[in-house]
Amino acid sequence: MILEIKQGTIGYGHKAVLSDVNFELNTGETVCLLGKNGAGKTTLFKALLGVLKPFAGTILLNGTPIDHWNRRKFAQLVGYIPQARALPFPFRVMDVVLFGRTAHLRAFASPGKQDRMIADECLEMLNIVHLKDRIFTQLSGGEQQMVIVARALAQQPSFLIMDEPTSSLDFGNQIKIIQRINSLKNNELGILMATHSPDHAFMCDANVAIVHEQSIWKYGYSNDIITEEILKTIYGVDVKVRAMSGNDDTARMVCVPTV
Amino acid sequence: MNKTSKQSPYRIHRFSGLLFVVLGLLLVATILFSICLGRYPLTVTDLLTYIFTGKNTDPLLPTVLINVRLPRIIGAILVGGALSISGAAYQGLFRNPMVSPDILGVSSGAGFGASIGILMSFTVLGIQAMAFIFGVGAVFLALSVSKAIGKNHDKILMLVLSGMVTAAIFNALVSLTKYIADTDSKLPDITFWLMGTLSRITVAELQIVVPVVLIGIIPILLLGWRLNVLSFGDEEAKALGVNTGRLRFIIICCASLITASVVCIVGLIGWIGLIIPHFARFLVGPNHKVLLPASFLSGSIFILWVDNVARSATTLEIPIGILISLIGAPLFLLFLRKSSKKTW
């Protein structure tokens, strides 16, 4: 399956944030989206999710423009893990995960036994079964993020779009999220993740797309794309990119900023 | 298990089935008590004998029951339930526990419609029709205003602000009708209408309003789960597969329909649509599948008791709108003190 944007110009009001963007995400692929604050990563996500209509260009899911998809069918294939959230009512973690089942319910239905089983599986997959009966609003940021990931998994989508899933998390929780993402990778799932840390792209062994100056400036395998010059250009700071020699799990490229 | 999860209100949640039985029984008991209470007292034994065997020791019992007490009690259940359920639905829809059913101007519109009707000496039915039409009309005005001018703003915020503007306009128009009304006949009528009363409900009105309210309530109950999903906001709800625009439209239509249809027969009754959903959320948690029916039941029980006070505390009946505020406000404060952050 494929989620793609062709010659897309996207923005708010009259101001284009991204123009003439071409990008595609295939199932089985993991892509990290890099770019400085305000570069338009979230804007691109909103367009891909169909909540922000592009000024020009088309967005296609499996070759069909997304405004031809109904919301429910679309949500069965594309799951979203957003950046910030405020929940006005004290829902239980289990309820929040069950929200992910909505796309698979008929118009007037509520989740049934099978949906509960799927939600249980998702909680188990992320090792957060113990949170099941807790109240979502009382959880820590890291726990909330895990619950939102579980919610997206309960959607059983073919594409997962994550908007900075590690932001506002402590070091340990960031790594845990990355580990989970790595364990989710498979041939049936396409993952698109915005992140502020180029290291995450190395850790996920992912492809990288760089949003810079209103378009997708670079695209390719992380080891080829993330170079010292490119990091200097997008972030305006000096960063050394080095290969960690080691055996097994730590043998990868790392970014070391000069301070 | 740690302390927080032990104290979770969801321990109550698991017993929500039992809670509905309790609320149901409480409603039945309240109804029986309310039937017997009044200027012409009836005993529960006589009443039950009449209901189950058809024999009546008291010759006036059938008349009092069918013509006087029942219409008022059924009307009260309908009013309390309808206002509470639309309050709960609106609080979910606007993701804000401060919202009440008149947030989009339905009450102000209805008040203006009724004032015009009274001013032009319409019949009771005419006044009610005016109240209904202007009530629903005010909501559609608010909806179209928010659609027309709010393209670049947050949809929810624009709806609330358009509702406020609509209400302000209709409130000003109500004051205008009062200002020009004849101070001996029309002005008192308008004032009393605006205060709200359950004493004028007739069987004929109920025959129209009961079906309309039921038609409005059913879609709201069925869409309960989707209202839950809306808690995370528009964009997330869309990404979860909810057609938020359509959902909002259906809920607003149904809630306004039932609010306008009860307001048009009893006048303006405030507060109840704000406080009862809070109370119900405290009882059963935030899941709208159970919160909405729990709001309906609690609202009916609450208004029946307030009405019992209204019609029997003094020889002169106290307008129920006044009494609800007088009883509801301190009760609400008491309840806020008891509840915690966990409730909302």
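**Cores, a helix pair and some loop residues**

In this predicted model, the largest nonpolar core has 153 residues, and the members that touch the most others are Val147(A), Leu160(A), Tyr90(B), Phe94(B), Trp193(B) and Ile269(B). Helix α5 of chain B, which covers residues 61–93, gives this core its largest share, 15 residues. What does Val147(A) touch, once residues up to four places away in sequence are left out? The list runs to Val93(A), Val96(A), Val97(A), Ile128(A), Leu131(A), Phe136(A) and Leu139(A). Another core, of 32 residues, lies apart from the largest one, and its members include Ile5(A), Val21(A), Ile161(A) and Ala239(B).

Next comes a pair of helices in chain B. Helix α15 (residues 288–312) and helix α16 (residues 320–338) of chain B have axes that come within 10 Å and cross at roughly 120°. Because of that angle, α15(B) is oblique to α16(B); the range from 65 to 115 degrees would have counted as roughly perpendicular. As for its hand, the crossing of α15(B) and α16(B) is right-handed. On the α15(B) side, the contact is made by Phe302(B), Ile303(B), Val306(B), Asp307(B), Val309(B) and Ala310(B). On the α16(B) side, Ile320(B), Leu323(B), Ile324(B), Ile327(B), Gly328(B) and Leu331(B) take part. Sorted by kind, the residues of this contact come out as 10 nonpolar, one polar and one charged.

Some loop residues are worth a look too. In chain B, Ser121(B) sits in the loop between α6 (106–119) and α7 (124–149). Ser121(B) is not a glycine, yet its phi is positive, at about 55°. Is Ser121(B) buried or exposed? Its relative accessibility is 51%, so Ser121(B) counts as exposed, the cut-off being over 50%.

Trp271(B) also has a positive phi, near 70°, and is likewise a residue other than glycine. Its place is in the loop of chain B between α13 (244–266) and α14 (272–284). With 31% relative accessibility, Trp271(B) counts as partly exposed.

Over in chain A, Ser197(A) is found in the loop that links β8 (190–194) and α7 (198–203). Ser197(A) has a relative accessibility of 21%, and therefore counts as partly exposed; to be buried, a residue has to be under 20%. Along the chain, Ser197(A) and Gly35(A) are 162 residues apart, but their C-alpha atoms are separated by 9.6 Å.

Methods. Residues are numbered from 1 along each chain as its sequence is written. Chains are lettered from A and ligands numbered from 1 in the order in which they are written. This is a predicted model: local features need pLDDT of at least 70, side-chain atom pairs count only at pLDDT 80 or more; totals for chains, interfaces and linings use all residues. Side-chain values use heavy atoms; hydrogens and water are left out. Axes are lines fitted to C-alpha atoms, for helices over the stretch in contact, and angles run from 0 to 180 degrees between N-to-C directions. Helices (H or I, at least four residues) and strands (E, at least two) are DSSP runs, numbered from the N terminus. Angles under 35 degrees count as roughly parallel, over 145 as roughly antiparallel, 65 to 115 as roughly perpendicular and the rest as oblique. A crossing is left-handed if the near helix is turned anticlockwise from the far one by less than a right angle, and right-handed if clockwise. Contact means heavy atoms within 4.5 Å. Ala, Val, Leu, Ile, Met, Phe, Trp, Tyr, Cys and Pro count as nonpolar, Asp, Glu, Lys and Arg as charged, and the others, Gly among them, as polar. A nonpolar core is a set of buried Ala, Val, Leu, Ile, Met, Phe, Trp, Tyr and Cys residues joined through side-chain atoms within 4.5 Å. Buried means under 20% relative accessible area, exposed over 50%, partly exposed in between (1.4 Å probe, protein chains only).
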